[in-house]
Amino acid sequence: RYSLFYNRLKNIEENEGGLDKFSKCYKTFGVNQFVDGGIYCKEWAPGAEAVFLAGDFNGWNPFSHPYKKMEYGKWELFIPPGQDGHPSVPHGSKLKVVIRAQNGELLYRISPWARYVVRDEGKVNYDWVHWNPPQSYIHKHPSPKRLKSLRIYESHVGIASPEGKVASYKNFTYNVLPRIKDLGYNCVQLMAIMEHAYYASFGYQVTSFFAASSRYGTPDDLKEMIDVAHSMGITVLLDVVHSHASKNSEDGLNKFDGTDSCFFHSGPKGTHQLWDSRLFDYANWEVLRFLLSNLRMWIKDYRFDGFRFDGITSMLYHHHGIGTGFSGDYNEYFGLHVDEDALCYLMLANHMINFLHPECITIAEDVSGMPALCRPIAEGGGGFDYRLAMAIPDKWIQIIKELKDEDWNMGNIVHTLTNRRYEEKYIAYAESHDQALVGDKTLAFRLMDAEMYTNMSVLSPLTPVIDRGIQLHKMIRLITHALGGESYLNFMGNEFGHPEWLDFPRRGNNESYHYARRQFNLTEDHLLRYRFLNTFDRDMNKLEERFGWLASPPAFVSEKHESNKVIAFERAGLIFIFNFHPHQSYVDYRVVIWHSSLIVIFKYKILLDSDAAEYGGHQRLDHSAEYFSEEYPHNDRPNSLMV
C-alpha cells in the first residue's frame, strides 16, 4: 500500500509540480475571473465532441463561446473583459456548460467546479450562478490551535432552529454557536454543507462538490460563520462526502460529458447498489485532481479546520461492505477485495492535508475496523487522526432494547468501550445523527418513549420511567465520554434528550418541517426536565476541559462487578464509579486507587454527581465529604478507599 501511495505521490511531484500546485486546480478549473476582468474557463470532459459556455452574459447563445480542445480531455476558454473594463461575465449571472455529446446531443450542464448553485422557487433543478462579488468576506480571526481533547458537536445548519423551516448560516452564527460554546464543546462538525439537490438526503447525495449549500445563505455567510466560531476558539470540521456522488445529471456530476465514465467507473462497477449513487474511479488522474482540489478549496477559501470522511467502508472494499460482516480477522482487511486505489486516494488526501495544513484534523467513518487506518502513512497506515467508535452506540441500543436492567453485563459494557486498536485514536459517542433519524430512536426516546410527551414537566410526578430514563441518559453519556475513546461526539439536541425523531420534508410526510428542527427552547423552560440533562452535559464537558481525560492514556479499569452492577476506573487522576444496579445503593463501598504509594495519603472529593439536584437527581450524596486512601489491598492493588 505504501509503495502504491509513494509511486502516485512521486508522479505528482515529477509531472504536476508537487501536491501544492496539483491541489490548487480549483483556481483554474470552472470559471475564474482575472484581476483585469477577463474570464478563464477550464473543464475536463474527455467524452465530449465540443464544449461551449452559455449564460446571461451572451443571451444564452449555445455556440458563441466555444472552448478549445487541449490534451487529456481538457477544454479551455478565455473571454476578454468588456470595453469598459468590467467583467465580461458579471457576478450573479447564470451560466451553463454546453456539451456536444458523441451522439450529437447538446447537454446543458453545471460545471463540476461551480462555487455557487441555487434553485429558484417552483423549479426542480439547480442553476449555476457565477459567484464573484466585488468584495468577498475577509476572515478576521486565526484558526484555533490543534486541540488535544476534541469535544465534537455534530451539527446540521438547516435544522438548527425550533422553527419549522430551513434555518440559515446567520441563525447558526448568532444563535447556535454561543450555545455550543456554553455547553463546553470545542469543535463543531458540519453536515450537509456540500450542495445537495435533495434536502432529505441529509447532505449525503452531493451534486456540487465545490459549492456551499445555498439553501442556508451565501458563501460569505458560511465564511462569516466559520470566522465567528474561530473567534470563540471553536474548531470547525466539514463532513466531506468523497465516497460517492448523486446520480443527478442535470445539476450533478453524473454523465457530465455524456458518458457514464467521466469521474466514475463505467457500468455496474460505477453504481452503488444500496445508495443508488455513482462511485468515483480513484485510479483516474483527473478524479484525484478533482477530489484533492476539493479538500484544498474548503480549507483555503472557507478556513475549515479538517474533515470527517463519510462512508469510508464503501471506499475501502470492492464489495462496499454490502452483505458483509466484519469479525476482526485480518483476512477481511487484506486481499483482492480491498480497493487499493481508493485507499491510496485516502492516503494521498491525508498526506496532502498533513503536509500543507498540519493544523488540520481528519476523521474516518469506517464500520469495518480496517487496521492502521489511524496510523502514519510512513507505517503503511491510512494517515487519519481519528476514527469513529461505531460499535459503542450499537451496544447501547442493543442493551436498552433487549435486556432487563438486572441483566446488564458490566464486563461486556467495559469491553465495548475499551476494545480499540492500540495507539489509534477513537471518537466515542453514545449516539449520533444516525440514531436520531426517522425509523430509529434516540437514547432518550428508547428510555422514556411516550412519557416524554406527558411527564417531562417538574409540575407532574416523577414517574419511574422518567426517573430511570433521566439517570441512565446521564450515566451512559458520562461513561462513554470518559472510557470510550480519545475524543467525544454528540449530535445537536441529543445532549438534552431531544424528543421525537428527525425527519426531513418529503412526499411521505407531506413535505412537513415539523420533525426537521431542533427544539432548543425546551432547555430554557425551567418547568421542564430537559434542562437537567442539558446542565449535566455542560458540566461533564467542562470537567473534561479542566482535567483532559480524552488526551490522557487509556483508563485503568479496577472493577466490573456483575452482581453489584458497579464499574469503576481511573483516568487523568480522576476516579469514575458507576452503579448500574436498578434498585441497590451502597455505603462503605471499597474501590481501588491506582497510586501505590505507602507513604502519601490521597484525599478525594466529589467533582461530578449524576444524582445532584441540578441534574434531576435525588441528592443522596454529601458533597462536603472527603475520602482518604488507605493501605488496604483490594482487587490486586495495594491501596483503596471507601465511598
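Modeller: Glu431 has a relative accessible area of 1%, and since buried means under 20% relative accessible area, exposed over 50% and partly exposed in between (1.4 Å probe, protein chains only), Glu431 is called buried. This is a predicted model, in which local features need pLDDT of at least 70 and side-chain atom pairs count only at pLDDT 80 or more, while totals for chains, interfaces and linings use all residues. Residues are numbered from 1 along each chain as its sequence is written, and side-chain values use heavy atoms, with hydrogens and water left out.

Biologist: What makes the contact of Glu431 and Arg477 a salt bridge?

Modeller: A salt bridge is a side-chain nitrogen of Lys or Arg within 4 Å of a carboxyl oxygen of Asp or Glu; for Glu431 and Arg477 the N to O value is 2.9 Å, so the pair qualifies. Arg477, at 2% relative accessibility, also counts as buried.

Biologist: Why is Lys94 called partly exposed?

Modeller: Its relative accessible area is 23%, and Asp120, at 31%, also counts as partly exposed.

Biologist: How do you know that Lys94 forms a salt bridge with Asp120?

Modeller: The closest N and O atoms of Lys94 and Asp120 are 2.6 Å apart, which meets the rule, so the pair is counted as a salt bridge. Lys94 lies in strand β6 and Asp120 in the loop between β8 and β9, so the pair ties together parts that are 26 residues apart in sequence.

Biologist: How many salt bridges does this rule give?

Modeller: The count comes to 36 salt bridges.

Notes:
Helix = DSSP H or I, 4+ residues; strand = E, 2+ residues; numbered from the N terminus.
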